[in-house]
Amino acid sequence: MRINVVAHEMIEQEALLHAVIAGQLALLVSDERTDRRADPACLRRVAQCRDLTALRVDELLAAQEACAMVEQRYLDGHAALFPDVVEQWAERLRFAQELAVMAERLAELDGVPPADPADPDTVPTRAAVLVAEPCRTRPLDGPRQA
């Protein structure tokens with residue numbers, strides 16, 4: 001049950017973050033392109049949106065991997081998430097990926113320097129941390145705390 005609660009909380013949090021970032025991107029796009037490209041502060045915001053959207057995708061992928069690790073370890077590979085949560089999760093991940101692509105393209109069109117190459121260990125490392133770290137009352141993986 002705890003995995004479903006945590007997943008649902010993350011889905012709600014990501015929906016709010018998505019709205020905020022999408023709103024910021026919309027504001028950035030609404031500015032005249034020539035003005036935007038000439039304003040270093042605006043270009044910084046474009047780069048921040050690009051980086052933040054990529055980070056959110058990595059966080060969702062890491063949480064998904066953490067869930068799979070716990071399912072494999074404790075449920076013999078059987079799914080822990082309810083079907084509606086699986087569907088909501090997939091939709092939220094798709095929205096996050098689409099927003100990341102839009103932010104990346106906007107940065108590219110505005111001449112923002114490319115982001116540093118992604119570390120291939122980011123998602124697996126974060127997944128391991130998510131499995132081990134406490135989730136309010138107890139970790140996803142480990143004994144109950146009194």
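Is Asp110 buried or exposed? Asp110 is buried, with a relative accessible area of 3%; buried means under 20% relative accessible area, exposed over 50%, and partly exposed in between, for a 1.4 Å probe and protein chains only.

## Basis of the report

This is a predicted model, in which local features need pLDDT of at least 70 and side-chain atom pairs count only at pLDDT 80 or more, while totals for chains, interfaces and linings use all residues. Residues are numbered from 1 along each chain as its sequence is written, and side-chain values use heavy atoms, with hydrogens and water left out.

## Helix H1

Helices are DSSP runs of H or I with at least four residues, numbered from the N terminus. Helix H1 covers residues 2-30, and its 29 residues should span 42 Å at 1.5 Å a residue; the end C-alpha atoms are 42 Å apart, which agrees. The expected span is 1.5 Å times one less than the number of residues. Among the buried residues of H1 are Ile3, Val6, Met10, Glu14 and Ile21.

## The largest cavity

Rolling a probe the size of a water molecule over the atoms shows where empty space is left. On a 1 Å grid over the protein atoms alone, a cavity is a set of points where a 1.4 Å probe fits but cannot get out; a pocket is an open set with protein on both sides within 12 Å along at least five of seven lines; lining residues have an atom within 4 Å of a point. Grid points are joined across faces, edges and corners, and a volume is the space filled by probe spheres set on the points.

A search of the whole structure finds 1 cavity of 30 Å³ or more. The largest cavity holds about 70 Å³ of space, and its lining includes Glu14, Ile21, Thr53, Arg92 and Phe95. H1, H3 and H4 are the elements that give two or more residues to this lining. The lining residues divide into 5 nonpolar, 2 polar and 3 charged. Here Ala, Val, Leu, Ile, Met, Phe, Trp, Tyr, Cys and Pro count as nonpolar, Asp, Glu, Lys and Arg as charged, and the others, Gly among them, as polar.

## The second largest pocket

The second largest pocket has a volume of about 270 Å³. Of the 14 residues that line this pocket, Ala54, Asp58, Ala115, Asp116 and Ala118 are the closest to its centre. Helix H3 (40-74) and helix H4 (83-109) each supply at least two lining residues, and the largest share, 6 residues, comes from H3. By class, the lining has 6 nonpolar, 2 polar and 6 charged residues.

## Residues in loops

Asp110 lies in the loop between H4 and helix H5 (122-132). Leaving aside neighbours within four places in sequence, Asp110 is in contact (heavy atoms within 4.5 Å) with Arg33, Arg36, Arg37, Leu43 and Val46.

Asp76 is found in the loop between H3 and H4. At 62% relative accessibility, Asp76 counts as exposed. The phi of Asp76 is near 55 degrees, a positive value in a residue other than glycine.

## Arg126 and the cysteines

Arg126 belongs to helix H5 and is partly exposed, with a relative accessible area of 27%. Apart from neighbours within four places in sequence, Arg126 is in contact with Glu59, Ala62 and Glu133.

The structure holds 0 disulfides, a disulfide being a pair of cysteine sulfur atoms within 2.5 Å. The sulfur of Cys49 is 9.4 Å from the closest cysteine sulfur, in Cys42, and is therefore too far for a bond. Cys49 is buried at a relative accessible area of 8%, and Cys67 is buried at 11%.
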